[in-house]
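Subject: Structure handover

Hi,

Here is the structure for you to look over. My notes follow below it.

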Amino acid sequence: MQSHLLNTCDECGSEYYKDTSQMANLCPQCAYVLYGYKNCIHQLVNGRCTKCYWDGSKTTYLEGIQSVEVFDAYIFSDGRIVAFLKSFGGKLLDQTVLKDNSGNQWKIRQYVWTTGSIEAYEKREKEEAENIFQYLIEGINQAEKPAKGAILKIVEVPNITKPK
Ligand SMILES: [Zn+2]
Ligand SMILES: [Zn+2]
């Protein structure tokens, strides 16, 4: 097993693995939000990123991502909606609620990584480098997909952080 040195972020107070951040006392998320360093592509499991150990602290999460752009969205015959969303602060967390300017709301069910073919894999990698991530989303009291090009506001983030 690889062992990591833990450090505490000066900005958000989250613990993180020291070797995952390019800044001395900031977690990868805060280093990204505040200074534009490359962010960790967080994989949150039980409120902790398995890669950098960040705890999803809300403050910087909200500062980093306040709105997202709908790059594309599809509805499948079974009603599932897949959306490609561009978010400048990195990947959105599951359960994040988004709202468009006519009031329609969606909830992020989960981040999806498709690996159908080499071509698809490369396409996704390129898009993720541009902060376009693919998610399974769910309409709240409606079954429409978000319009391509729409800007969605983040109205609710998952409650996975303890108040300081
Ligand atoms: Zn931080
Ligand atoms: Zn992370």
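In which sense do β6 and strand β9 pair, and over how many bridges? The two pair in the antiparallel sense, over 6 bridges, with β9 covering residues 132–140. Within that pairing, Leu 85 stands opposite Phe 133 of β9.

Keep in mind that this is a predicted model.

β6 (residues 81–86) has another antiparallel pairing, with strand β5 (residues 67–75), over 6 bridges. Here Ile 81 of β6 stands opposite Ile 75. The hairpin of β5 and β6 has 5 residues between the strands. One of the residues in this hairpin, Gly 79, takes a positive phi near 95°.

Next, helix α3. It runs over residues 118–129, which makes 12 residues. At 1.5 Å a residue, the helix should span 16 Å, and its end C-alpha atoms are 17 Å apart, so the two values agree. Just after α3, Asn 131 takes a positive phi of about 65°.

Now the whole chain. It has 3 helices and 10 strands. From the N terminus on, the order is β-β-α-β-β-α-β-β-β-β-α-β-β. Of its 164 residues, 30% count as buried. Take the contacts with a separation of 6 or more: residues 24 or more positions apart account for 58% of them.

Best wishes

Conventions. Residues are numbered from 1 along each chain as its sequence is written. Chains are lettered from A and ligands numbered from 1 in the order in which they are written. This is a predicted model: local features need pLDDT of at least 70, side-chain atom pairs count only at pLDDT 80 or more; totals for chains, interfaces and linings use all residues. Helices (H or I, at least four residues) and strands (E, at least two) are DSSP runs, numbered from the N terminus. The expected span of a helix is 1.5 Å times one less than its number of residues. Two strands pair if DSSP finds at least two bridges between them. A residue is buried if 20 or more other C-beta atoms lie within 10 Å of its own, exposed if 12 or fewer, and partly exposed in between; C-beta atoms are placed from the backbone. Two residues are in contact if their C-beta atoms, placed from the backbone, lie within 7 Å.
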